[in-house]
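Here's a quick briefing to read with the model open in your viewer.

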Amino acid sequence: MIRHVFAVPEHRWTFRVYIATDCTWNAEILGHLERLGAPAWIIESSAANMACGLMNAGLTYASPEERETLMVVGQTTTAAELFNSVVHELDHATLFTFPLLGITPGTEQAAYFKGGLAREIFPLIQPFLCDHCRHEIRK
């Protein structure tokens, strides 16, 4: 499992990213959702999804008060599914965060912002993007 926090200083915003999580991280992730002020229904649905060990799933929440986005990608069945889940959650992360930062989706600014996030996340997921390597890591 990978946990990484990175800042976007020009927007005074933080991204907290969890990749390849399993149930041992549920309490920490749910606690963080609470600290970010997530509504009860989001915390409850996230808890239910994480408790059942749902594969190829994730969650994203952005808090305007805390100026932070939480992005979680759980365990995946293949390297391709990991990439799919990261792209999926990255899309949620930017769609939730852009309005809070005054960024218009579909603009060049939005594309560069999303590319910067992808560049930040890439080294975290690179070891998991090969199915052979994924099996070696888990040994």
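Is His32 buried or exposed? At 7% relative accessibility His32 counts as buried, where buried means under 20% relative accessible area, exposed over 50% and partly exposed in between, with a 1.4 Å probe and protein chains only. Before going further: this is a predicted model, in which local features need pLDDT of at least 70 and side-chain atom pairs count only at pLDDT 80 or more, while totals for chains, interfaces and linings use all residues. Residues are numbered from 1 along each chain as its sequence is written, and side-chain values use heavy atoms, with hydrogens and water left out.

**His32 and helix H1**

- His32 sits in helix H1, residues 26-35; helices (H or I, at least four residues) and strands (E, at least two) are DSSP runs, numbered from the N terminus.
- The side chains of His32 and Arg16 are joined by a polar contact of 2.9 Å. That term stands for a pair of N or O atoms within 3.5 Å; within protein, one must be able to donate a hydrogen and the other to accept it, and residues adjacent in sequence count only if both atoms are side-chain atoms.
- Leaving aside residues up to four places away in sequence, His32 touches Arg16, Glu68 and Leu70, with contact taken as heavy atoms within 4.5 Å.
- After H1 comes Gly37, with a positive phi near 85 degrees.

**Tyr18 on strand S2**

- Tyr18 lies in strand S2 and is buried, with a relative accessible area of 1%.
- The Tyr18 side chain makes a polar contact of 2.6 Å with the side chain of Glu28.
- Not counting residues up to four places away in sequence, Tyr18 touches a list of residues including Met1, Ile2, Arg3, Trp25, Ile29, Leu70 and Val73.

**Aromatic pairs**

- The count comes to three aromatic pairs, using rings of Phe, Tyr and Trp (its six-membered ring) with centres within 6.5 Å; planes under 30 degrees apart count as stacked, over 60 as edge-to-face and the rest as tilted.
- Phe15 and Phe113 have ring centres 6.2 Å apart and planes at 55 degrees, so this pair is tilted.
- That pair links distant parts of the chain, with Phe15 in strand S2 (residues 13-21) and Phe113 in helix H4 (residues 108-125), 98 residues apart.
- Both partners are buried: Phe15 has a relative accessible area of 2%, and Phe113 comes in at 10%.
- Phe98 and Phe113 have ring centres 5.6 Å apart and planes at 80 degrees, so they form an edge-to-face pair.
- Since Phe98 lies in helix H3 (residues 79-101) and Phe113 in H4, the pair ties together parts 15 residues apart in sequence.
- Phe98 is buried too, at 4% relative accessible area.
- Phe6, Phe15, Phe98 and Phe113 form one aromatic cluster.

**Pockets**

- The largest pocket holds about 560 Å³ of space. On a 1 Å grid over the protein atoms alone, a pocket is an open set of points where a 1.4 Å probe fits, with protein on both sides within 12 Å along at least five of seven lines, and lining residues have an atom within 4 Å of a point. Grid points are joined across faces, edges and corners, and a volume is the space filled by probe spheres set on the points.
- Of the 28 residues lining the largest pocket, Asn49, Met50, Ala57, Gly58 and Leu59 are the closest to its centre.
- H2, S3, S4 and H3 are the elements that give two or more residues to the lining of the largest pocket.
- By class, the lining of the largest pocket has 11 nonpolar, 15 polar and two charged residues; Ala, Val, Leu, Ile, Met, Phe, Trp, Tyr, Cys and Pro count as nonpolar, Asp, Glu, Lys and Arg as charged, and the others, Gly among them, as polar.
- The second largest pocket has about 180 Å³ of space, and its lining residues include Phe6, Pro9, Tyr112, Phe113 and Arg119.
- H4 gives the most to the lining of the second largest pocket, with six residues.
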